[in-house]
Every structure is written in structure tokens, then in C-alpha cells.
Amino acid sequence: MSPLIRLIFVLLMLALAGCSSLQRKAAVPSQQMGQAQIAGLSGVRYMVASQSSIDQMAEDVQAGFKVRSEATLNGSANYLSLSGGGDDGAYGAGLLIGWSDRGDRPQFNLVTGISTGALIAPFAFMGKEYDPALRHVYTQVGPKDIFIERGLISGILGDGLSDTAPLYQLISQFVDEEFFKKVAYEYTTKNRWLLIGTTNLDAGVPVVWNMGKIASLGTPEALDLFRRIMLASASIPGAFSPVMFDFEVAGQSFQEMHVDGGAITQVFLYPSALSQRAAELNLKLQKQRNAYIIRNSRLDPEWRETERGTLSIIQRAISSMIQTGDLYRIYHTTQLDGVSFNLAFIQVSRKENPLL
């Protein structure tokens, strides 16, 4: 192919991309992000890098502390964090099911999830009654139940290589109105929290959604938002379409683009600043607090030949950077707060990895 023909081809592709780019509303301006709310569903998310969001989270925690009996304070509080990991989410699902079978899996006061962990988290939150749902999703579901491939050209000119409509339908199958009401009950009457993390791609910041608070609103719009947050948290940028959320600021309409929470962090527990704010509000916490972290991946340095290509190099570098950093941060926070730290991850033998 001659240089001229190559140039014409590139210009045609650029023109085609420009003509076919998907439309969207303007992103929420950075200076107004703190005021942006979903119509009828205000105060349901926290931008953990913002002090105002930390204050809001602390106030929501305080509002749930209506009755704190001595029996409650003398009991233990148990926290569960479920990481990203793609297909390796089967590890976390299997661990939880086995934990139930052993008979000593606690009821968790707090459950957090990101990416594949966001798909596990609601069922882990509701307890062993929903272990069959976990088993089904991670043993009976295949690629066709998750996404529809668009084809290379359509994918490049669109907003993702695949359409995740099947995943939304799968989520809706299990997260129905009855399930939604149960999550609301646990939040409003027992002060149990379910949090799911996404990435606001416009702002490049992590966002934590209070799923129990959303469920407590009880509207069809809230149920749809609940499902779409789960979808967004599992939407790998580029591979899957992002999820667009409509927001309002002073009567004006905007949109935020959200993708896989794992784009920024692979696992989270609670913001370290929340502990300080809780102390300032004189919130009484259980004397014994236990954190259980399920990392749906290996932690050892996995040898893998990297293709000499830009995307391959970037992917490998990012996966190396996010391998363990989040765990160190969580460990540091729990030790400062007097919370026991318990970690489970996919282990390999020295025979499988000579680098160990």
C-alpha cells in the first residue's frame, strides 16, 4: 500500500470516527461535582477524596446508630471486602459458599465490592440463603450470558468492544423487587451497609455507592440505579460499554460516565478519614471489629511474557502497579483503628511459580 493510500485510509477512518461518535450530555463540571445529584435519589454516593463526602458518610453512619445497646457494643462487628479479578471471582464465591458449609461464616455489618466483587457483594451481604445464586453465576454462566461482541470496527467506533445488555438482564434476574426490599430492611432496621465502588471516568476519581440507602428509597428508579451500579462496577473500560448516569445541578442536566471500579482501586474497606470523623462525632463502635478481605487473584509476581505492543505493555504495567497497593493501605488503616485484618487470596506453590 502506498503512503498516499495509507494517508487517505487513516483520514477516512478519522472522519468516520468523528461522524459516528456517540452523543452524551455534558459532564458535571469539576467545581460542581459536590452539588450534583441524581433526580429523586440524592445523597446515595460518596466521593471518598472529598471531605464533604466523608462528612456525609459519617452522618449516615450516625443516623443508623439509633440504638446501641451494651449487648451490641460488647459483640463483634464483621467487615467483608471483595476485590476485582474477572473470572477469578469464582474463588471468592467458592470461599464464601465453603465458609457457609463450615458453619461459622458471620453476618457482616459491612460488605464492599468492586468489579467482579460487586457482583458477589449483594449476595454475600444477604447471607448463605443466597449461596445458590453465587454458585449459579460462577458455575453456570458463560460469555454469552455476559456480553455480545460488536465486532472490531463497531467496537472501536462505539464505546466498547462488547454490549453488556445480557449482564444487566442477569443482574435483574437475581436482584428483583423482593431482593431489593430485603437489602433495604437490613440497612434501615439493622444498620448493615452494602457499598459498591465505581470509577467516575470524567473526573478520574473513585465513587462509593450506598446500596442500602438506594434500596431504602424503594422506587422503580432506585431499583434500576442499584442494578446499573453493579453493571458499571463490572464494566471494564474499552472491553465493555461504560454506564451513563444522569445528574442535575441547579436545574441543569449533566451526565457522568462510570466504569469498572478496578480502574482505580482493586479492593476497599472504608476511608481512613472516616475513623477520625467518627471519633469527632463520638460514635460508639463495637469493641471487637474484624475485617475479612477476599482478593480474587494471586499476590505472587506472576511471570508472563509481554507482547511488544503499546496496549500489552500498558496492561501489564497497570496490573503490576495495582497488585498489592490497596491491601497495604487497608492493612495500615485497620491496624490504626484496632480492627483485626484477615486476608484470603489465590495461593500457588513454589512448583507453580519458581519466583517465590
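1. A starting definition. A helix axis here is a line fitted to C-alpha atoms over the stretch in contact, and angles run from 0 to 180 degrees between N-to-C directions. Helix H4 (residues 89-102) and helix H5 (residues 116-126) can be described in these terms: they pack at an angle of about 15 degrees, with their axes 9 Å apart. The model discussed in this note is predicted.

2. Orientation of the helix pair. Angles under 35 degrees count as roughly parallel. H4 and H5 are therefore roughly parallel to each other. The crossing of H4 past H5 is right-handed.

3. The contact between H4 and H5. Which residues meet? From H4 come Gly 89, Gly 92, Ala 93 and Leu 96, and from H5 come Thr 116, Ile 120 and Ala 124. Sorted by class, this contact has four nonpolar residues, three polar ones and no charged ones.

4. The setting of H5. Eleven of the eleven residues of H5 are buried, so the helix is largely enclosed by the rest of the structure. Among the buried residues are Thr 116, Ile 120 and Ala 124. The buried set also includes Gly 117, Pro 122, Phe 123, Phe 125 and Met 126. Just after H5 comes Gly 127, with a positive phi of about 100 degrees.

5. The chain as a whole. It has 14 helices and eleven strands. Of its 356 residues, 44% are buried. Take the contacts with a separation of 6 or more: residues 24 or more positions apart account for 76% of them.

6. Strand E6 and its burial. E6 covers residues 193-200. Eight of its eight residues are buried, so E6 is largely enclosed by the rest of the structure. In a regular strand the side chains alternate between the two faces of the sheet. In E6, Trp 193, Leu 195, Gly 197 and Thr 199 point one way. Leu 194, Ile 196, Thr 198 and Asn 200 point the other way. Both sets are buried.

7. Partners of E6. Which strand pairs with E6 in the parallel sense over five bridges? That is strand E3 (residues 110-114). Thr 112 stands opposite Leu 195 in this pairing. E6 also pairs with strand E7 (residues 205-210), in the antiparallel sense and over six bridges. Here the bridge partner of Leu 195 is Asn 210.

8. Two hairpins. E6 and E7 form one, with four residues between them. In its turn, Gly 204 has a positive phi of about 70 degrees. How many residues lie between E8 and E9 in their hairpin? There are two, and Ala 250 in the turn has a positive phi of about 50 degrees. Strand E8 spans residues 243-249 and runs antiparallel to E9, joined by seven bridges. One of the bridge pairs is Val 249 with Gln 252.

9. Strand E2 and its partners. E2 (residues 76-82) is mostly covered, with six of its seven residues buried. E2 runs parallel to E10, and seven bridges join the two. Ser 76 has Gln 288 in E10 as its bridge partner. E2 also runs parallel to E3, joined by four bridges. There, Tyr 79 is bridged to Leu 110.

10. Arg 289. This residue lies in strand E10 (residues 288-298). Buried or exposed? Buried means under 20% relative accessible area. At 13% relative accessibility, Arg 289 counts as buried. Leaving aside neighbours within four places in sequence, Arg 289 is in contact with Ala 77, Tyr 79, Asp 337, Gly 338, Val 339 and Ser 340. Arg 289 and Asp 337 are 48 residues apart along the chain, and their C-alpha atoms are separated by 9.2 Å.

How values were computed
Residues are numbered from 1 along each chain as its sequence is written. This is a predicted model: local features need pLDDT of at least 70, side-chain atom pairs count only at pLDDT 80 or more; totals for chains, interfaces and linings use all residues. Side-chain values use heavy atoms; hydrogens and water are left out. Two strands pair if DSSP finds at least two bridges between them. Angles under 35 degrees count as roughly parallel, over 145 as roughly antiparallel, 65 to 115 as roughly perpendicular and the rest as oblique. A crossing is left-handed if the near helix is turned anticlockwise from the far one by less than a right angle, and right-handed if clockwise. Contact means heavy atoms within 4.5 Å. Ala, Val, Leu, Ile, Met, Phe, Trp, Tyr, Cys and Pro count as nonpolar, Asp, Glu, Lys and Arg as charged, and the others, Gly among them, as polar. Buried means under 20% relative accessible area, exposed over 50%, partly exposed in between (1.4 Å probe, protein chains only).
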